[in-house]
Amino acid sequence: MENMLFWLIMFISGWTLSDGSETESDFSWHLSRIPRVVSERTVHLASPAFQADAGVKVTTVCGIECQEELPPPSLSQLEDSLSYETVFENGTRTLTRVKVQDLVPEPTRNSSIKGSHRRRRRQVYGTDSRFSILDKRFLTNFPFNTAVKLSTGCSGAFVSPKHVLTAAHCVHDGKDYIKGSKKLRVGVLKMRNKGGRKKRRGSKRGRREAEHGGQSHSDQEHPQESGTQRQGKGSRRGPKVTQGRPSFQWTRVKSTHIPKGWARGESGDPDLDYDYALLELKRAHKQQHMELGVSPTISKLPGGRIHFSGFDDDREDQLVYRFCSVSEESNDLLYQYCDAEAGSTGSGIYLRLKEPGKKTWKRKIIAVYSGHQWVDAHGVQKDFNVAVRITPLKYAQICLWIHGNAANCTYG
């Protein structure tokens with residue numbers, strides 16, 4: 001318990017461990033001019049079938065060495081991949097073609113942390129290093145209150161009062177939209193009162209939507225002595241009730257944006273580099289949100305670590321936090337060994353860095369957790385938990401989705 005609290009305090013306080021070679025300026029957000037992704041034209045498409053099965057994984061992943069050998073994509077290839085589909089709550093669908101302007105080519109960025117170990121088991125191995133966030137003092141406050149659950153079973157993160165960033169595979173398998181995504185909902189974790197009743201607001205319709213959002217109320221409760229619980233592998237049950245029970249408040253999704261790099265349809269396989277999507281909600285939430293940031297290189301990560309929170313399936317609607325070191329990186333992916341189970345995919349991966357020219361620190365989302373993949377790395381097959389980086393181009397695209405124009409997306 002003491003060890004767990006020590007790590008939690010370090011995380012919340014923003015302390016980092018390093019070898020002493022880094023300076024404070026190395027761990028700052030470096031704002032740079034972002035290329036412009038501009039909508040060119042929008043056409044209507046046939047309504048989706050919404051028949052794909054959830055949980056379909058990419059079967060072929062270009063590994064570290066494979067990516068090093070690939071030529072950089074042409075401008076037209078980038079514009080094709082960054083063009084995007086939008087599906088609306090009434091089932092209609094559009095395709096928007098985009099143009100990329102002011103693009104500065106990025107240097108190839110494939111590197112690894114020396115001494116990274118080869119992993120043999122999927123997702124969780126050895127001692128389970130995840131923390132269940134149980135106390136409402138943590139659960140209802142930043143950064144944990146930015147995490148949400150999707151009715152399709154994934155996680156996501158608020159990036160504006162009415163926009164949620166998640167993984168594309170949570171709503172689309174690359175060929176078609178998955179079953180249940182036509183009436184997609186986003187669940188915000190709320191706390192019940194001690195007596196078991198939760199304060200409800202809104203119309204009867206909104207309450208009916210909440211009741212049918214796919215949630216199951218957890219019988220896991222809060223320990224009085226701390227805000228988290230670290231559980232060993234295979235442990236499912238928590239301590240008894242002391243502070244009330246968590247419940248989800250569900251909101252309908254108005255529209256969903258997915259890049260064509262993922263939503264290939266029948267024209268090809270989905271590209272893992274584009275496994276991200278943005279959901280626009282029917283109404284804005286009062287929840288705090290986390291800003292987007294451009295993913296820095298491994299060397300610019302404090303302690304080489306990333307953080308994320310999501311709703312792992314084996315923790316019965318508990319919010320689960322974890323952190324770990326990044327082992328390898330490419331221009332578009334982070335390869336890491338964060339313990340994570342199904343349900344956590346779509347979580348926003350974030351860092352806490354110093355704001356330039358200020359004494360304050362800020363957390364920003366720099367990647368989306370995609371899930372477990374086997375990849376070729378240095379001549380051997382390795383299994384990693386993979387995250388999709390927010391590159392300058394992806395930042396520009398997601399920012400366009402949020403704001404509706406490129407004028408608000410100049411720096412990131």
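Is Glu280 buried or exposed, and what is its relative accessible area? I began my notes with this residue and found that Glu280 is buried, with a relative accessible area of 17%, where buried means under 20% relative accessible area, exposed over 50% and partly exposed in between, with a 1.4 Å probe and protein chains only.

Before going on, I noted that this is a predicted model, in which local features need pLDDT of at least 70 and side-chain atom pairs count only at pLDDT 80 or more, while totals for chains, interfaces and linings use all residues. Residues are numbered from 1 along each chain as its sequence is written, and side-chain values use heavy atoms, with hydrogens and water left out.

**Entry 1: strand 12**

**Entry 2: salt bridges**

I then looked up salt bridges, each being a side-chain nitrogen of Lys or Arg within 4 Å of a carboxyl oxygen of Asp or Glu, and the structure holds 18 of them. One of them joins the side chains of Glu280 and Lys162, at 3.7 Å from N to O. Glu280 lies in strand 12 and Lys162 in the loop between strand 7 (155-160) and strand 8 (163-166), so this pair ties together parts that are 118 residues apart in sequence. Lys162 is partly exposed, with a relative accessible area of 25%.

A second salt bridge that I checked is formed by Asp312 and Arg130, whose closest N and O atoms are 2.9 Å apart. Asp312 sits in the loop between strand 14 (305-310) and strand 15 (319-329), and Arg130 in the loop between strand 4 (111-112) and strand 5 (131-133), 182 residues apart.

**Entry 3: helix 3**

Which residues of helix 3 are buried? In this helix (residues 75-82), I found Leu78, Glu79, Ser81 and Leu82 to be buried. Seen down the helix axis, these buried residues fall within an arc of 165°, so they line one face of helix 3; the arc is that of the directions from the helix axis to the C-beta atoms. They pack against strand 1 (36-45), strand 2 (84-88), strand 3 (93-101), strand 11 (246-259) and helix 6 (392-403).

**Entry 4: nonpolar cores**

My last search was for nonpolar cores, each a set of buried Ala, Val, Leu, Ile, Met, Phe, Trp, Tyr and Cys residues joined through side-chain atoms within 4.5 Å. The largest has 72 residues, of which Leu165, Leu292 and Ile365 touch the most other members, and helix 6 gives the most to this core, with eight residues. I also noted a second, separate core of 18 residues, which includes Trp29, Ile298, Leu301 and Tyr369.

Notes: Helices (H or I, at least four residues) and strands (E, at least two) are DSSP runs, numbered from the N terminus. Contact means heavy atoms within 4.5 Å.
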